[in-house]
Amino acid sequence: MRKDRLLWADDEIDLLKPHILFLEEKGFELVTATNGQDALDLCRSQVFDLVFLDENMPGLSGLETLNAIKELYPSLPIVMITKSEEEDIMDQAIGNKISDYLIKPVNPNQILLTIKKNLHKNEIISGAVTADYQQRFQEIALQIDSASSEEHWKEVYKKLVFWELELAGTKNALDEVLLMQKNEANRLFARFVSQNYARWMEGPSERPLMSPDLFREKLFPLLDAGEKVWFILIDNFRFDQWRMIKQHIGQSFTVDEQMYFSILPTATQYARNAIFSGLYPLQIQEMFPELWVDEDEEDGKNLNEAPLIQTQLERYRKKYKFSYHKINDNQAGEKLLSNLKNYTQNPLNVVVFNFIDMLSHARTESRMIRDLANDEAAYRSLTESWYKHSAIAGLLDFLSQQPCRVILTTDHGTIKVDNPVKVVGDRNTNTNLRYKLGKTLEYNSRQVYEIKNPLQYKLPSPNLSTTYIFARNNDYFVYLNNYNYYASYYKHTFQHGGISLEEMIVPFILLDSK
């Protein structure tokens, strides 16, 4: 294994002989120089992993040498060492992207710590994270096995997401162990939902906070207290994706991180319309048939969101003026940003961002996008990259300077599917891979969560014999016709509509500007 090669440039290098011997005993290879020009020449002719650079040297100064080396090797870690504590010198060094800054006299352990921090930080963190997860594995397993309430499952999911993010950069076999643990959690969570979903439909007192409850329980109290509220919904936004952008949002806002349960099916037509109407799908169909679009109709399933919001405000006798915006592309986002001041006096502004939903669909259809987001970590990374360069970042930056409250949430999440499940349906059966409804469905009842009496579950029933079935865990439905092709085509894609922690337990975030 190659030793780390270090260059140490100091006009008093002879006085540092004990430090150099100490580092050589620790397994490092040291090359020394007594001035900046020699250090620069050595960098041109040899490869170094890290450079120690004295700030005060004859000839080329430390800062001049730093600039010259950085021009040649921008990513080479350089540690500046100086007797001076002048702020101006520190600012210049930091501005030139030094990796660390030490004040003389330095001791060997300081030097060793700096080397480890700059050269072996990832390996050290990876080892510590791995050891920590191994210690907590049994604790998490017991928590999954004993989860018996909605709050228990929220905590289980939070813990799994935490470790998923912690282990994402470690590249070891524990990724597979965590995935197995997550799959077991989803199996038991699906059983929990199957046992309790009918009870949840009996009324608000029998269920956790769910899609139809958000305006009544969370939004209206803020409006009634005189707050101006921006309700921002990101379609298909999972809790782990929220955690990826939280670090950026937390710089400008205090964050109250909550969760709620999406209704079934975990799909826009049902879950998002339930949020904006405050009603279950069957109630929307019965009370506002002109605003409900059946599965077999070709019209878009989310075209009536602003009218549904209006019906909810009227039903609860809330006379608040509101605006509604749907952002499907950069042009729509730029248009919103250019007109933000026009909406600051509204009590309520609602904005829907569709990017992540479009990303998941594009990933299914496009080989290039699938390669870009080939696993969960890459999928999260694309979400973070989108956020940093999107209109939503500009919107939140603007709102952080306004006297308002911000709600950031979603209608449902999505799950990466791996296991095809056979189902047979007629030509009128819907195309979603995580739930099906129809009057002639054929399937293995042990592989699905089935609803044979949709009205009891507040779901529309296009026919008297309509049945709904929902995929659980990481399953997805495939028809028998050309089964092998479609089973392969949709394997490892991100889908939604069924029962999983990722789809049903989703973020509900309250933001207050700092």
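**Close-up 1. Helices α7 and α10 cross with a right-handed sense.** In this predicted model, the two helices concerned are α7, which covers residues 150-167, and α10, which covers residues 239-249, and their axes come within 10 Å and cross at roughly 55°. That angle makes α7 oblique to α10. On the α7 side the contact is formed by Tyr157, Lys158, Val161, Glu164 and Leu165, which meet Phe239, Asp240, Arg243 and Met244 of α10. Sorted by class, the residues in this contact comprise 5 nonpolar and 4 charged ones, with no polar residue among them.

Close-up 2. The side chain of Asp100 is joined to the side chain of Thr114 by a polar contact of 3.4 Å.

**Close-up 3. The cis peptide bond between Lys104 and Pro105.** The omega angle of the bond that joins Lys104 to Pro105 is about -5°. Pro105 has its place in the loop that runs between strand β5 and helix α5, the latter covering residues 108-119.

**Close-up 4. The cis peptide bond between Leu264 and Pro265.** Here the bond joining Leu264 and Pro265 has an omega of about -10°. Pro265 is found in the loop between strand β7, which covers residues 253-261, and helix α11, which covers residues 268-277.

**Close-up 5. Lys458, a residue with positive phi.** The phi angle of Lys458 is about 60°, a positive value, although the residue is not a glycine. Lys458 is found in the loop between two strands, namely β14, which covers residues 448-451, and β15, which covers residues 467-471.

**Close-up 6. Asn482, a residue with positive phi.** Asn482, although it is not a glycine, has a positive phi of about 55°. The loop in which Asn482 has its place lies between strand β16, covering residues 475-479, and helix α19, covering residues 483-490.

Terms used
Residues numbered from 1 in each chain as written. Predicted model: local features only at pLDDT ≥ 70, side-chain atom pairs only at ≥ 80, totals over all residues. Heavy atoms only, no water. Axes fitted to C-alpha atoms, helices over the stretch in contact; angles between N-to-C directions. Helix = DSSP H or I, 4+ residues; strand = E, 2+ residues; numbered from the N terminus. Parallel < 35°, antiparallel > 145°, perpendicular 65-115°, else oblique. Left-handed = near helix turned anticlockwise from the far one by under 90°. Contact = heavy atoms within 4.5 Å. Nonpolar A, V, L, I, M, F, W, Y, C, P; charged D, E, K, R; others polar. Polar contact = N/O pair within 3.5 Å; in protein donor to acceptor, adjacent residues only side chain to side chain.
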